[in-house]
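Let's take a friendly walk through a few spots in this protein. Have a look at the structure first, then read on.

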Amino acid sequence: MYIKNVERNNGAGLLDEIDGAIQGHRDGHGYVVRDDGEADIYLPPNEMRAVLHRDRVRVRIVRHDRKGRPEGRVVEILERPPHPIIGRLLHESGVWLVAPEDKRYGQDVLIPKGATGLAKAGQVVVVELTEPPSLYGQPVGRVKEVLGEVDDPGMEIEIAVRKYSVPHEFSDACIAQARSLPDKVRPQDHRKRVDLTDVPLVTIDGEDARDFDDAVYCEPAKVGRGKGWRLLVAIADVSHYVETGSAIDVDAYERATSVYFPRRVIPMLPEKLSNGLCSLNPEVDRLCMVCDMLITASGELHAYQFYPAVMHSHARMTYTEVAAILANTRGPEAARRKDLVPHFLNLHDVYRALLKARNVRGAVDFETTETQIICDENGRIEQIVPRVRNDAHRLIEEAMLAANVCAADFILQASHPGLYRVHEGPTPEKTEILRQYLKAMAVGMTIGDDPHPRDFQKIAEGTKERPDAQQIHTMLLRSMQQAIYSPHNSGHFGLAYEAYTHFTSPIRRYPDLLVHRVIKAILTEERYQLPALPTPGEAHEKLARRLATRAAPPTQRPKMKVTASPREMQAWEAAGLHCSANERRADEASRDVEAWLKCKFMRDHLGEEYSGVVTAATSFGIFVTLDALYVEGLVHITELGGEYFKFDEARQELRGERTGIRYAIGTRLRVQVSRVDLDGRKIDFRLVREDEEFMARAMKEKGVSNGPRSEGVPLKAAKKRAAKKAADKKAPKAAVRAAKKSAPKAKAPRKPRR
C-alpha cells in the first residue's frame, strides 16, 4: 500500500493516485476502499465496466461532488484475486451466460458454448473467469462446478461457503491422518496426567450441541480463613492429538474457526476429533486440560493451577435441565439426577459469587435478544424463536470467563508470547459521538476521555426504566470496538479484565488451541514456537489495513514484558490477524445464510401486517424488527410520508420538518411486508397508516393542523383559511340572488313577421 503523487499536466498542482480495493454496488457503480483508511472513492458505472468487485486497483481522483466526496478514475488494475463467481446459468437468445448471485459484480459472465460442462439452464454454478471485462466487452468464463437447483435444500449454504471462500473440504492428508488416530483413550495416554475419572465432572450445553469441549465441577472449600469454592473447568485436550505443523493442524489453521449455519456446521477439525475423540462425551474417558481454581466468597480468584488430566464425564446435561433442577430440587429433573444435584447447587453458589465480583468490577452487561432459526427437513424456516438465557447459561459463562482469565494471567506471568482476546475501549471519535448523543437525549450521565466499563454499566442501569432505554443501550454497544486476537495485551474493556484470552473452546477456535500449546510449554519449562504458517489470505490483509488506521486507546494499561524477538512477535501478530479475520469471515457467511433464509421465509408473508420496533435509523430510512417473527426490514424514507425528513445524527433519529414526528430506535410501528429481494438479501416494509392518531398528536403538539389540505399550516391559520373558503363558496350564490332582484325584467322576444 502506498500513495503516489504525480504532477498535473498543466502543472497547476497535484493529483492523487491511490491504491485500494474495489467494492462493487448492485446499482452498477462502485467504490474504492482506500489502503490508507481515508474516505472511499466513488466510481461511476462507466468506470466499473472494466473492473470487478474485489479487484485491487490504482485510481486517480478527478473531482469532488458538492459534499466534498471524491470521485475517481481507474488508472491501473494491480491485482485480480482468483475468486470464483457463483450464479445461475441462463440461456437467452442462443447465448449462455451466468448472472452472479452477488450483485456487486454488476455484469453477467458470458459462457462459450463448449464451456458449460454438464450444467443445465437455471442451475446454480461456479464460474472461473477466462477473460476479464473490458470497456466494450463482458467478462468470459467457464463452468467450474455445478451446485444444483436453486431450490435444493442447503443451497444457500453451498453458495455462502464459496462466496466467502470458507474452506469446506479437508485435504486428503488431513483425512488420512484423522483416520490413523485411535478411537478411544489408550492406557499410554494416561502418562503424566492427573486421574480425575472419579470426579463427577459434567458437560452443560444446548439441546442441539454436538461437540462438548468443556466440563465443570464445584465443591465447597476453605480459602484462607474464609469459605469459598474449588471450581474445576476441564477442557478437551485437542493439542494432544493435533500436533504443530501436522496436516490436521494446517487445515485447522486455514479455517481458524468452525462456521455455524442453521442445520449445518463446517467444523474446524475432522468429525472423528470434533464429535469423537476430543468431544467430552458422557461415560467415556477423555484427555483434558484442567484449570483448577480456588474462589473466595466474594468471587475473587484466590489461586489457580493448570494440569493435563484424564476425565470421565458423568452426564451430558442441557441448560434447560440444569435450570429446572436449580429452580426445583424436588422436581422430576432433580429426581433423575439425584446424585449430581448437590454439585449443581455448588456451581450455582460459585456463580452467584462470581456475579458479585463482576458487578464490583463494573463489567458491561447488556441484555440482548438472540434468536434461533428452526428449520424443517428441507432446510426452510419453520419459525424464528428467541433464545432464553437462564441461570444455567450464565453459570457456565462465568465459569468459562474465570478459566480464560487464569489462562491469560498464566501466560502473562511467564512472559511467554501468546494470543490474547483484546477488546479496547472506544476511540476518541466514538467517545465524542456518544457524549453528544447522551447530551442530546438528556441522559444526565456521560463518559470521560478515558472511559471505564463501569461508566457504561452505570448509564445502562440508570436508564433501564426509560421508554428509550433500548435506543440508549444500542448506542452504548455501537460505541465500542470489535474484539480481536493479538499478542499485545491491552485488556478486555467490555469484561473489565486486565488480561483475557480464549482457552475454553479448542475444538472450534484455533486461538484456543494455540493457548493450550503455550500453557503446556510453560508447564514443561519449554518454549512454544509457531509453525511455518500458510500465507495469510485476503481477509487477513483487509483486517490488517483496517487495524493499521485504527486509533489507539487514549491510555494504555501497563503491560508485562514479553521475552520474544521481533520476528517471533511478528509471527504471533500474523496469527492473531488471521484468526480475527477468519472469525469475521465466518460471521459474515452465517449472516448471509440467515438473511437468505429469512427472505425466503418472508416471501410467503408478502402483504401481511405486523407490529415491530425501530432498531436503526439512517439518512435513507429506518430498520424495523418484527415482534412476532424477529425479522428486520427497511422502511425507506420515501414510505414515511409526503414531507421532508431530516436525519439527526446526534439523536440517531429521523424527524419530519412539518409534523415533528420522530422515528428513533425503540419507536413502535405497524408495517406491511411490501417487497422481498432474495438475491439482495433485503426485505422492504411500508408503514401502515394506523398511526394517524400518533401523527395527529405529534402535529398538535407542534401546533400544526393535520387536515388533508392544511399542508402544515398552524392551527389558527388553518381555521381562518377554512372559514374564508367556506365564505367564498357561499358568496357567488348570494351575488346571483342580489343580481336577480336588481336587474330589470327582460321583455319576451318578438316573433318575426312572416
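## Helix H4 and beyond

In helix H4 (residues 247-255), the buried residues are Ile248, Asp249, Asp251, Ala252, Tyr253 and Arg255. Buried here means under 20% relative accessible area (1.4 Å probe, protein chains only). Before going further, note that this is a predicted model, where local features need pLDDT of at least 70, side-chain atom pairs count only at pLDDT 80 or more, and totals for chains, interfaces and linings use all residues. Residues are numbered from 1 along each chain as its sequence is written, and side-chain values use heavy atoms, with hydrogens and water left out.

What do the buried residues of H4 pack against? Here are the partners, with contact meaning heavy atoms within 4.5 Å; helices (H or I, at least four residues) and strands (E, at least two) are DSSP runs, numbered from the N terminus.

| Element packed against H4's buried residues | Residues |
|---|---|
| helix H3 | 172-180 |
| strand S17 | 264-266 |
| helix H5 | 271-277 |
| helix H13 | 510-523 |
| helix H15 | 566-602 |

Just past H4, Ala256 has a positive phi of about 70 degrees.

Now for Leu97, which sits in strand S8 (residues 95-100). Leu97 counts as buried because its relative accessibility is 10%. Leaving aside residues up to four places away in sequence, Leu97 touches Arg88, Leu89, Leu90, Glu92, Asp108, Val109, Leu110 and Ile111.

Last stop: strands S25 (residues 609-618) and S26 (residues 621-626) pair in the antiparallel sense over six bridges. Pairing takes at least two DSSP bridges between two strands. Ala617 stands opposite Ile622 in S26.

Notes
Buried < 20%, exposed > 50% of the residue type's maximum accessible area, 1.4 Å probe, protein only.
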